[in-house]
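Subject: Structure handover

Hello,

Here is the structure I said I would pass on. My notes on what was found in it follow below.

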Amino acid sequence: MGTLSDYVYHRDFVGRIPFAIGPLTVRLAAHLEQDPLLVHAEPILSVLSKGQDFSSHVSPMKAVRAAFKKATRNGDWSRYSRMMDLLLNKWGVFHFHADNSRKLVFVYLCVRSSTAYLVDIRGHDGNWKLERHLISIIAENWPDAGILREVARGSSCLTEADLLEARRRGLNMPIEVHGRFYLPSSRGLMMDGSGYDSHTGIVPVVVTAKRFDPTSTDEEAVKSPQVMMVGVDPDDPRPPWIVGAAQAGALAAQRREAMTGSSAQEREARLRHAAHMLFGKNVR
């Protein structure tokens with residue numbers, strides 16, 4: 001039987017490779033319209049606009065895959081967790097590889113509006129101190145697209161290095177752009193590094209528990225009720241990660257059906273495939 005961590009990190013691994021959601025309207029940030037680097041992104045933009053499979057443009061993730069396979073076998077996710085894509089998990093911004101992985105193309109994919117927002121193109125130099133840079137571009141180009149929300153006004157002295165450290169600690173630090181503080185409109189970063197998106201139904205893994213006093217002779221005496229998360233009946237005999245997986249699968253099927261109008265047989269086949277990827281076995 002898998003653990004809660006197994007489910008969390010399996011879901012994270014699958015979410016690093018976006019699935020085709022149909023033809024997308026591509027919108028460019030203003031500074032890229034005449035940028036010569038745009039030529040390197042053209043193959044990716046073509047795939048996005050046609051609704052084709054773009055998994056080949058995602059990072060090969062050799063080290064990530066190796067850490068994932070090892071953790072799946074021994075249950076130690078510490079190495080994998082250090083390699084999580086925290087910008088993706090917090091903001092929903094994917095990075096695609098272009099020009100033989102010498103360039104990174106940062107794109108926000110909006111399922112609800114079927115739009116791909118091309119945020120920036122940068123050299124692949126291993127520098128991930130760019131959160132404020134990317135959010136500044138989104139705030140200046142698409143402030144009303146539902147990607148981010150203003151939560152306060154003021155100033156911040158935090159550097160990109162500070163923000164990177166905050167992400168690594170699982171902190172949803174607001175980003176200040178021209179005196180306005182922003183957080184994701186529908187997303188959030190969890191303390192374990194995973195993310196959720198309420199717009200697409202990728203919700204936090206949820207566990208509700210009752211804490212009992214182990215010194216009490218009354219087995220039903222609750223020492224202090226503790227709600228760890230919301231949405232799972234504490235009296236449900238099934239493991240909470242199984243309940244969470246079932247709920248997430250049902251939401252995914254509903255979204256997919258709404259977007260594609262696919263048949264019941266096709267939906268069942270996709271759910272079997274997703275279950276196989278998550279749990280490594282056929283599910284009937």
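A polar contact here is a pair of N or O atoms within 3.5 Å; within protein, one of them must be able to donate a hydrogen and the other to accept it. By that criterion, a polar atom of the Asn141 side chain contacts the backbone oxygen of Ile137, at 2.7 Å. Please keep in mind that the model is predicted.

Overall

The protein has 9 helices and 9 strands. Of its 284 residues, 38% count as buried. Among contacts with a separation of 6 or more, 61% are between residues 24 or more positions apart. The exposed surface comes to about 15600 Å², with 53% of it supplied by carbon and sulfur atoms.

Leu28 is opposite Leu118 of β4. Strands β3 and β4 run antiparallel and are joined by 8 bridges; here Leu104 faces Arg122 in β4. The pairing of β2 with β3 is antiparallel too, over 6 bridges, and His97 is placed opposite Leu104 in β3.

Two hairpins belong to this arrangement. The one formed by β2 and β3 has 4 residues between the strands, and Asp99 has a positive phi near 55° in it. The hairpin of β3 and β4 also has 4 residues between the strands, with Ser114 at a positive phi near 50°.

How much of β3 is covered? Buried residues make up 8 of its 8. In a regular strand the side chains alternate between the two faces of the sheet. In β3, one side holds Lys103, Val105, Val107 and Leu109, the other holds Leu104, Phe106, Tyr108 and Cys110, and all of these are buried.

Thr115

Thr115 belongs to strand β4. Its relative accessibility is 7%, so Thr115 counts as buried. A polar atom of the Thr115 side chain lies 3.0 Å from the backbone oxygen of Ser113. Leaving out residues up to four places away in sequence, Thr115 touches Leu24, Thr25, Arg27, Tyr108, Leu109 and Cys110.

Helix α6 and Asn141

Because 8 of its 11 residues are buried, α6 is largely enclosed by the rest of the structure. The buried residues of α6 are Glu131, Arg132, Leu134, Ile135, Ser136, Ile137, Ile138 and Ala139.

With a relative accessibility of 26%, Asn141 counts as partly exposed. Which residues does Asn141 contact, leaving aside its neighbours within four places in sequence? They are Ala29 and Ala30. The C-alpha atoms of Asn141 and Ala30 are 7.0 Å apart, although the two residues are separated by 111 residues in sequence.

Aromatic pairs

There are 11 aromatic pairs in the whole structure. In one of them, Tyr9 and Tyr80, the ring centres are 5.9 Å apart and the planes are at 75°, so the pair is edge-to-face. Tyr9 is in helix α1 (residues 4–15) and Tyr80 in helix α4 (residues 78–81), so this pair ties together parts that are 71 residues apart in sequence. Both Tyr9 and Tyr80 are buried. A second pair, Tyr108 and Tyr117, is tilted, at 6.2 Å centre to centre and 55° between the planes. Tyr108 counts as buried because its relative accessibility is 6%, and Tyr117 is buried with a relative accessible area of 4%.

Ring pairs also link Tyr9, Phe13, Phe68, Trp77 and Tyr80 into a cluster.

Regards

Notes:
Residues are numbered from 1 along each chain as its sequence is written. This is a predicted model: local features need pLDDT of at least 70, side-chain atom pairs count only at pLDDT 80 or more; totals for chains, interfaces and linings use all residues. Side-chain values use heavy atoms; hydrogens and water are left out. Two strands pair if DSSP finds at least two bridges between them. Buried means under 20% relative accessible area, exposed over 50%, partly exposed in between (1.4 Å probe, protein chains only). Contact means heavy atoms within 4.5 Å. Accessible areas come from the Shrake-Rupley method with a 1.4 Å probe; for residues, only the protein chains shown count as cover. Rings of Phe, Tyr and Trp (its six-membered ring) pair if their centres lie within 6.5 Å; planes under 30 degrees apart count as stacked, over 60 as edge-to-face and the rest as tilted.
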